[in-house]
Amino acid sequence: MAKDPDRQVPQDHWIWADSAYPTQTWCVVPFKAVGGPLSRTKNIYNKYLSRVRVRVEHTFAALKGCFQSLRELRLQVRTKKDIRIAVHWVQCCLVLHNMTIFFERQLGIESSIAWARREGREPNHRTQPVVVDAPAGTAGQRFRTELMIKLFRYLGMLI
């Protein structure tokens, strides 16, 4: 794969997004029903993708609740330096958040965001085995199918 000098997402990383975004190797979106209902396999994949996105949204909400500065990050992003400053700002909040959890544990106090951890627990169930077609289409579509195959292998569902 050729290196794209304008790519902002590091190689071997991607963003989970909703179906309003394009399917790219760096942007993974749910399958869309075009011309009929989705297959069972694609519906299962969309369900897992949705759960990931919900967890991310809950995490953002928890962090914004703890750190008011993240509610409206008052920083105009015009350059790569501005992006780095915003990333460092968020990273500092994450470090403080993790320290808070650590100290709450040491003191025997239930974490102020224990609800978020409970929310993220996987239900202990497996669904019936699935068959996935070989990756086809654009590079982004092939990448999404490869991720789906990895997910189903991990879950022990792939035939």
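Q: Which element gives the largest share of the lining of the largest pocket?
A: That's α1, with 7 residues. A pocket here is an open set of points on a 1 Å grid where a 1.4 Å probe fits, with protein on both sides within 12 Å along at least five of seven lines, and lining residues have an atom within 4 Å of a point. Bear in mind that this is a predicted model, where local features need pLDDT of at least 70, side-chain atom pairs need 80 or more, and totals for chains, interfaces and linings use all residues.

Q: How much space lies in the largest pocket?
A: About 810 Å³, taken as the space filled by probe spheres set on the points. The lining of the largest pocket has 25 residues, and Ile-15, Val-56, Phe-60, Val-87 and Val-90 sit closest to the centre.

Q: And which elements give two or more residues to that lining?
A: β1, α1 (40-66) and α2 do.

Q: How many of the residues count as buried?
A: 27% of the chain's 159 residues. Buried is under 20% relative accessible area, exposed is over 50%, and partly exposed is in between (1.4 Å probe, protein chains only).

Q: New topic: how many disulfides does a search of the whole structure find?
A: It finds 0, counting a pair of cysteine sulfur atoms within 2.5 Å as a disulfide. For Cys-66, the nearest cysteine sulfur belongs to Cys-93 and is 9.6 Å away. Cys-93 isn't in a disulfide either, and the nearest cysteine sulfur to it, that of Cys-92, is 7.0 Å away.

Q: Is Cys-93 buried or exposed?
A: Cys-93 is buried, because its relative accessible area is 6%. Cys-66 counts as partly exposed because its value is 38%.

Q: What about Asp-12, what's its phi?
A: Asp-12 has a positive phi of about 65 degrees, although it's not a glycine. You'll find Asp-12 in the segment before β1 (15-16).

Q: Buried or exposed, that Asp-12?
A: Asp-12 counts as exposed, because its relative accessibility is 71%.

Q: Last one: where is Val-95?
A: Val-95 is in helix α2, residues 80-106. With 48% relative accessibility, Val-95 counts as partly exposed.

Conventions
Residues are numbered from 1 along each chain as its sequence is written. Side-chain values use heavy atoms; hydrogens and water are left out. Helices (H or I, at least four residues) and strands (E, at least two) are DSSP runs, numbered from the N terminus.
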